[in-house]
Amino acid sequence: MRYAILADIHSNLEALEAVLAALAKARIDQYVCVGDVVGYGADPKPCIDRVRDLCSVVIAGNHDWAVADTLSLEFFNSYAREAIGWTRARLDATDIAWLRDLQLEHDLDGLAMLVHSTLHNPQAFDYLLTSYDAHLTMRVLERPLCFVGHSHIPITFMERNGLGFTFADTVDLTKVDKAIINPGSVGQPRDENPSAAYAIYDTVKRKVTLHRTPYDIDACCAKIEKAGLPQVLADRLRVGK
């Protein structure tokens, strides 16, 4: 079985379509998304439609729940809050209900857990950035693998004779007891690489590979600017920050 792991699409249709075009050549059996289909970008409705049709599992991200008015905007910055309000006004009741009903975590066929932020406290939407954050999620992880999103930074935390991490593009699961993998962001990378990010999990080879693909950033930015969304939401896409 080969799973495509998507995260943090953030209403970026150009990035999503580029990733799906790349994955169409990769013999994918099942698509999953670990949250934040919407927020920041100018194409929330088309991104929801694509993800809803394609993905067998979609996890709730903090922007998804904020748009659905399920999560307080207290901890969002002003740019994110503006984009959330703009997005909410452009979705219909069916879309809002779909976002509201997204689950916080999911056990993927007994092979891996899916969550947007942390497994030990998913409803808080904390960032999993440090080895200590990973340790807390490892303590409650009952599967050998967990896929997360939220930070927009591709990284793997691994447990075997201690806890470590790597930014490698390939993770050999036969060499670790447990792993927490962030595939990076489809629609808003923040590792200073503007190319869209995603991962492929191959259960036969027992490997996860992290991939990047370019997309039409100028077209995406032009949509954000035309929509009247904050300019910073376009500018950051060009530098991947």
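1. A charge is taken to sit over a ring if NZ of Lys or CZ of Arg is within 6 Å of the ring centre and within 35 degrees of the ring normal. In this predicted model, R236 lies over the face of Y40, at 5.9 Å from the ring centre, and the charged end of R52 is likewise placed over the ring of W98, 5.6 Å from its centre.

2. R52 also belongs to a network of salt bridges that links K45, D49, R52, D92 and D95.

3. The structure holds 14 salt bridges, and one of them, between R2 and D202, has its closest N and O atoms 3.0 Å apart. This pair links distant parts of the chain, with R2 in strand 1 and D202 in strand 11, 200 residues apart. R2 counts as buried at 14% relative accessibility, and D202 is buried with a relative accessible area of 8%, since the cut-off for buried is under 20%.

4. The side chain of D133 does reach the backbone nitrogen of T130, at 2.9 Å, and, not counting residues up to four places away in sequence, D133 touches H120, Y127 and L128.

5. Of the five aromatic pairs in the structure, one is formed by F147 and Y201, which are tilted, with 5.7 Å centre to centre and 55 degrees between the planes. F147 lies in strand 6 (residues 145-147) and Y201 in strand 11 (residues 196-202), so the pair ties together parts that are 54 residues apart in sequence. Both F147 and Y201 are buried. A further tilted pair joins F157 and F165, at 6.2 Å centre to centre and 50 degrees between the planes; here F157 counts as buried at 3% relative accessibility, whereas F165 counts as partly exposed at 47%. Ring pairs also link Y3, F147 and Y201 into a cluster.

6. Helix 1 (residues 13-23) is mostly covered, eight of its 11 residues being buried, among them L13, E14, A15 and L16. The elements that cover these buried residues include strand 1 (2-6), strand 2 (30-33), helix 2 (44-54), strand 11, strand 12 (207-213) and helix 7 (217-227). At the start of helix 1, a side-chain oxygen of N12 comes to within 3.4 Å of the backbone nitrogen of E14.

7. L99, placed in helix 5 (residues 93-100), counts as buried at 0% relative accessibility. Leaving aside neighbours within four places in sequence, L99 is in contact with V38, I48, D64, W65, V67, A68 and L91.

Note on methods: Residues numbered from 1 in each chain as written. Predicted model: local features only at pLDDT ≥ 70, side-chain atom pairs only at ≥ 80, totals over all residues. Heavy atoms only, no water. Polar contact = N/O pair within 3.5 Å; in protein donor to acceptor, adjacent residues only side chain to side chain. Contact = heavy atoms within 4.5 Å. Phe/Tyr/Trp six-rings, centres within 6.5 Å; stacked < 30°, edge-to-face > 60°. Helix = DSSP H or I, 4+ residues; strand = E, 2+ residues; numbered from the N terminus. Buried < 20%, exposed > 50% of the residue type's maximum accessible area, 1.4 Å probe, protein only. Salt bridge = Lys/Arg side-chain N within 4 Å of Asp/Glu carboxyl O.
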